[in-house]
Amino acid sequence: MKIDPIHQFNIEPLFTLGHIGNHTIAFTNSSLYMFIAVLLIALLMLASGRDLVPGRLQSVAEISYEFVATTIRSTAGSEGMKFFPLIFSIFMFLCVSNLVGVIPYTFTISSHLIVTAALALLVFFTVLFYGLYKNGLKFFKIFVPSGVPIYILPLVMFIEVLSFFLRPVSHSVRLFANMLAGHIALKVFAGFVAMLGFSLGALGWVGGVLPLALTIALYALELLVAFLQAYVFAILTCIYLNDAIHPGH
Amino acid sequence: MAESHGEAKGQNAGAHTEAEGGHHGGAFPPFDSSNYASQLVSLAIAFVALYLIVSRIALPRVGGTIDARQNKIEGDLAEAQKLKDESDAALKAYETELANARANAQAIGNETREKLNAASEAERKALEEKLAAKLADAEKQIATTRTNAMSNVRGIAADAAGAIVQQLAGVTPDANAVNSAVDASLKG
């Protein structure tokens, strides 16, 4: 019995949608899980009641609403609420798809760099264009920290500009690497249980208790990471948008 | 760093998938550029759909529910405060009324007491005056009677003295001398 921790990241085309240039556009398992995430969010937000005293589903919908709204207000101020739909969409999309992805035999959308990079670039360009549109040339103040002595200012500015343009890289790789590494580790440890059992017989099954315990602990950790990375991605989005709203800090 | 790490793994994994008869050209799936276009297209469609659902329907709906609840709570609190204020005002009015009534009752009581006191005082005075007048009358009568009696006593004493002198001396004394002697003895 062979363990293949990478198999879970395979993209399987389910049917072909069409062609753009020489690229085949297929509806893949990844697409399926994207739409599952959208559907689950829509169900949560639209099928929940509108009662004065909320039930469970309605509570979850309202808690996620308040959670994202509070996050935005505390990091980007009340002007950041302009981007509430965007940040809410990003957070819920990642959170729900990550949580779905922790279920065995499912696919995790954000374990593909292209997806996280696309979202990070969406945030990056939103910050860039909104910052320039709202503040004009004053937007470039974010590269000039106040209170820095003039003789090291060029160096600081160089670092600031570099870090600004590296933001989408760190933003996307953090989420992607966390999801990828977590899922590989889970699969490897879970694989040990089966490997021990099938190769060593009864003794192997007994010995498999240890990796099984590790798998359970890792699974709990992965549940946390699934939520946490979605939250980190959303809060970084808020912080970057705060630069666009209030440059010159 | 994470990327290079991933790539290294990817090559290993590629070997695995190929060995298993993989139908994916052998690359580590997250870095297999042949499926980028498909993923980007479905991500764009899914995310735009999600954004529209969230911004047009979901957030206004949930936000509306939360606002409605907030308004309801604030309205109820304001209503409760209003009722409390009203009851406080009523209590205050009641207490003022009670204090007024008490003051009134006291005033009426004092007035009545004074009136009754004055009346009884007047009655007492009238009675006393009447009694004093009666007393004076009685004293005057007593004095008159006493004077009369005293004058009678003088007459009797004079007669008696005249008679005694006649019996003892056998002469009828001069009436004036007897009278002056009686007077002197009465005085003395």
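Q: Axes are lines fitted to C-alpha atoms, for helices over the stretch in contact, and angles run from 0 to 180 degrees between N-to-C directions. At roughly what angle do the axes of helix 4 of chain A and helix 5 of chain A cross?
A: This is a predicted model. In it, helix 4 of chain A passes helix 5 of chain A in a right-handed crossing. The two axes come within 8 Å, and they cross at roughly 145 degrees.

Q: How many nonpolar residues does the contact of helix 4 of chain A with helix 5 of chain A have?
A: Helix 4 of chain A contributes residues including A:L113, A:A117 and A:F124, while helix 5 of chain A contributes residues including A:R167, A:H171 and A:F176. By class, this contact has one charged residue, three polar residues and, as for nonpolar residues, nine.

Q: How are helix 4 of chain A and helix 7 of chain A oriented relative to each other, roughly parallel or roughly antiparallel?
A: Their axes come within 8 Å and cross at roughly 20 degrees. Angles under 35 degrees count as roughly parallel. The orientation of helix 4 of chain A and helix 7 of chain A is therefore roughly parallel.

Q: How many charged residues are in the contact of helix 4 of chain A with helix 7 of chain A?
A: In helix 4 of chain A, A:V123, A:V127, A:Y130, A:G131 and A:K134 take part, and they meet residues of helix 7 of chain A, among them A:Y240 and A:D243. The residues of this contact divide into seven nonpolar, two polar and, for the charged class, two.

Q: Which helix of chain A gives the most to the side of chain A that touches chain B?
A: The contact takes 41 residues from chain A and 38 residues from chain B. Several elements of chain A each supply at least two residues, including strand 1 (13-20), helix 2 (56-76) and helix 5 (153-200). The greatest contribution, nine residues, comes from helix 1.

Q: Which element of chain B has the lowest mean pLDDT?
A: Chain B has a mean pLDDT of 83, and 86% of its residues reach 70 or more. Among its elements, helix 2 (residues 36-169) of chain B has the highest mean, 92, whereas the lowest, 40, belongs to helix 1 (residues 2-19) of chain B.

Q: How far apart are the end C-alpha atoms of residues 218-242 of chain A?
A: UniProt, in an unreviewed entry, places the feature "transmembrane region" at several spans of chain A, one of them 218-242. Over this span the chain is 100% helix and 0% strand, and the end C-alpha atoms lie apart by 35 Å.

Notes
Residues are numbered from 1 along each chain as its sequence is written. Chains are lettered from A and ligands numbered from 1 in the order in which they are written. This is a predicted model: local features need pLDDT of at least 70, side-chain atom pairs count only at pLDDT 80 or more; totals for chains, interfaces and linings use all residues. UniProt positions are given in the numbering used here, feature names are shortened, and annotations may be inferred rather than shown by experiment. Helices (H or I, at least four residues) and strands (E, at least two) are DSSP runs, numbered from the N terminus. Two residues are in contact if their C-beta atoms, placed from the backbone, lie within 7 Å. A crossing is left-handed if the near helix is turned anticlockwise from the far one by less than a right angle, and right-handed if clockwise. Ala, Val, Leu, Ile, Met, Phe, Trp, Tyr, Cys and Pro count as nonpolar, Asp, Glu, Lys and Arg as charged, and the others, Gly among them, as polar. pLDDT is the predictor's confidence in each residue, from 0 to 100. Angles under 35 degrees count as roughly parallel, over 145 as roughly antiparallel, 65 to 115 as roughly perpendicular and the rest as oblique.
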